Amino acid sequence: MTWVTHLQTDDSGPAPTPASYGVVTTSPEAVIPQPSEERVMTILTGAPTAHESAECEPDYVQLLTPDGERREHPDYAFDGDDDLVRTFYRDMVMARRIDTEATALQRHGELGIWAQLLGQEAAQIGAAHGTRRQDFIFPTYREHGVAWVRGLDPVRLLGLFRGIDHGGWDPKDHNFGLYTVVIGAQALHAVGYAMGIEADGDVGTGDLDRDAVAVAHFGDGASSQGDVLESFVFAATYNAPVVFYCQNNQWAISAPIERQSRTPLHWRAPGFGFPGVRVDGNDVLATYAVMRATTDRARSGQGPTFVEAYTYRMGAHTTTDDPTRYRSGNDVDAWKRKDPIARVEAYLRRADAVDDAWLASLAEEAADLGATLRRGCHELPDPAPLALFDHVYAEVPDELAEQRDSYAAYLAQFEEVSR
Amino acid sequence: MSTSRITLAKGLNAGLRAAMEQDDKVMLMGEDVGRLGGVFRITDGLQKDFGERRVLDSPLAESGIVGTAVGLAMRGYRPVIEIQFDGFVYPAYDQIVTQVAKMSYRSQGKVPLPLVIRIPFGGGIGAVEHHSESPEAQFAHTPGLKVVACSNPVDGYWMIQQAIASDDPVIFLEPKRQYHADKADLDTSVAPPPLFTSQVVRRGDDVTLLAYGPMVRTCLAAAEAAVSEGRSVEVIDLRTLSPLDMGPVLASVRRTGRAVVAHEAHRNLGMGSELSARITEECFYSLQAPVLRVGGFDTPYPAARNEHHFLPDLDRVLDAVDRSFAF
Ligand SMILES: Cc1ncc(C[n+]2csc(CCOP(=O)(O)OP(=O)(O)O)c2C)c(N)n1
Ligand SMILES: Cc1ncc(C[n+]2csc(CCOP(=O)(O)OP(=O)(O)O)c2C)c(N)n1
Ligand SMILES: [Mg+2]
Ligand SMILES: [Mg+2]
């Protein structure tokens, strides 16, 4: 029984102290930093807001500056080469294309609504690449970039925004769950799934292709939900192999992050008994490195981590939202200078890892994806009327079958009339 | 010899044990279900025999319990949750209604959720607030859930196993005041009826009494008492509340021409309302009287010293029978 040994009073080991969590390592050299007591006090007693504005750089893991300069971090290293950086770049460009195309489709009345990812490409693409194939990802409704990396046909994403289904893919095909609209609900599912991984013995065997992790995606707004906080409790006490990946895009519709928390979100983790780390969410190398390290940490049996990807929602909450009612253009302009894609392009050009021809062909590929998405969207069939009765249950009760049949008969009358 | 004399608590315990022996994906989770064996001892001894990985003492958070069970089910497990008391299912209400009930539908059948949520329900035990409620209608009103209620030890033994074997999520209601009350003979060589069926538990010709859970016993006693008044009362144990098994109900009412529904839950929009509507729609011309409902009043559950006024008892059931005959 390994789940709760560290909490049993009759266990021989000493109970962990908050300080000891600070030195839990992913690999011997990777230390997950925790806020110092001094810093906690400064922020709690200092300025009215604990959240750095766009002007003042927050304290986070950054491996590539907004100008495209490489930085090293003592605890997190980027283990890939320029080929991998190019892959990230390509995926971010494609994710942005999916997003602009879907936004346009909504404007043309083809989609009822669309949740834009603009600005969050690095937060998603790096995190998705940081996981391994057997890891199971529980998304919100905005993880289009993660879906893309997982190989899900982006046309499938459109179904629920067009109103033809509530999510049409099989989660098992790509280890990518269905979009979850109820804020925070999926964090508990991820922890339960992780408890299942542990019960299956698929953690800590040392086999990187077998040991698995669950990843819970959620937003800054979701961090106030009871389900998310309960999921921290369960993850900690069962030492579940899960990574909580919070894209702090500074907004929950019109509510700024200050409305959700007085302290940086990643500080919450040590209070629950596991480490938290903040990463520059607009730096794809950093989100990749942090996700790789924290998932491998969970994979090896060392338990959960909370990752706060510090980013910005450049677009509206959804296509039905009007952000000019609640936020200033200044912030948006400041964040524009930290664009997640531009910095990688600057880096790749400087490294001579891409040239104009490569970029032009990528632009063409993105245009093709846009066209495919448009066509795919137009071709999505409306559901058959009686399909609304399908899959309510695995075993259909007679009374529901009767309801369906009687509605079928009702509909058939009209067909006869029109004949 | 496969026959034993057991209480409802023992029947449920033995049923859970059998299900765990048959399928090693079955897990129990809930508050105090492990070491303690549950506050009602329904899971007594199971953690000792099946280990802490299969009988989980959960943190004290109902949404967390149900939400993590969803994840476990997605990973291939068959979680069986114990909610400690009816009144504490509400913190989990969101997970049950928005996730458990809808996952199969949302995923177009690709993510079935075979999980069972056991809820000790009903009053009559002299408890403080929140420990005596009957929330069944709230779950029966939710498409995607199946809702059953056992009323006796033998059903307890079989129904819990059948619910665990079901690929749909099942809300499993257990009449807590009956846990340690009557004993019955369990003969495991006699095959049980299917889970989602209602059963005639007493034959009669003049009026049909419809009940489930704790009210079955009350209605059987009422039927016995009615004999001295020259009335032959049929009693049906509904057992399944969603879906309803209307076959035996309609057949009975067509014969007797009278129906009375009894439950502890509030009368307004309770199961009685739905049963009344369906009976009226299906056998209007067989009815000698409108379908009558006996239920808890439309008040919050009262303080324990007043609960005998709130809970329908033998006399109130017979009073409704009298009113039915007065038409
Ligand atoms: C339980 C619940 N309450 C309210 C909503 C409506 N709602 C949808 S998105 C949203 C804001 C979510 O903010 P955040 O968690 O920061 O994620 P983001 O949209 O920024 O990605 C709200 C309030 C909901 N979907 N679920
Ligand atoms: C939401 C809810 N779930 C379950 C219960 C049943 N219950 C009553 S007391 C208790 C344990 C509470 O423990 P703790 O918070 O440590 O308080 P203590 O009783 O030790 O003072 C439980 C599970 C409840 N009252 N409310
Ligand atoms: Mg947000
Ligand atoms: Mg206590």
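Predicted model: local features only at pLDDT ≥ 70, side-chain atom pairs only at ≥ 80, totals over all residues.
Now, the metal. Which residues coordinate the magnesium ion, ligand 3? We've got A:D220 through OD, A:N249 through OD1, and A:W251 through its O, at 2.1 Å. If you want to find them in the sequence, the donor spacing reads D-x28-N-x1-W. So you can see that A:D220 and A:W251 link distant parts of the chain, 31 residues apart, given how the strands and helices are assigned. A:D220 sits in the loop between β2 (214–219) and α9 (226–237) of chain A, while A:W251 is in strand β4, residues 251–252. Buried or exposed, those two, A:D220 and A:W251? Both are buried.

Staying in chain A, have a look at A:Q250. This residue isn't a glycine, yet its phi is positive, about 75 degrees. You'll find A:Q250 in the loop between β3 (242–248) and β4 of chain A, and it is buried, with a relative accessible area of 8%.

Chain B has a residue like that to show you as well: B:R239, not a glycine either, with a positive phi near 60 degrees. B:R239 lies in the loop between β11 (233–237) and β12 of chain B. It's an arginine, and it counts as buried, at 1% relative accessibility.

Move along to the loop between β12 (240–242) and α9 (246–256) of chain B, and there's B:P243. The peptide bond joining B:S242 and B:P243 is cis, with omega about 0 degrees.

Helix α3 (residues 62–74) packs with helix α4 (residues 93–100) at an angle of about 25 degrees, and their axes are 8 Å apart. Why call α3(B) roughly parallel to α4(B)? Because that angle is under 35 degrees, the cut-off for roughly parallel. On the α3(B) side, the residues are B:S63, B:V66, B:G67 and B:V70, and they meet B:Q95, B:I96 and B:V100 in α4(B). By class, the contact has four nonpolar residues, three polar ones and no charged ones.

Key: Residues numbered from 1 in each chain as written. Chains lettered and ligands numbered in written order. Heavy atoms only, no water. Donors = N, O, S within 2.8 Å, 3.2 Å for Na, K, Ca; no water. Helix = DSSP H or I, 4+ residues; strand = E, 2+ residues; numbered from the N terminus. Buried < 20%, exposed > 50% of the residue type's maximum accessible area, 1.4 Å probe, protein only. Axes fitted to C-alpha atoms, helices over the stretch in contact; angles between N-to-C directions. Parallel < 35°, antiparallel > 145°, perpendicular 65-115°, else oblique. Contact = heavy atoms within 4.5 Å. Nonpolar A, V, L, I, M, F, W, Y, C, P; charged D, E, K, R; others polar.
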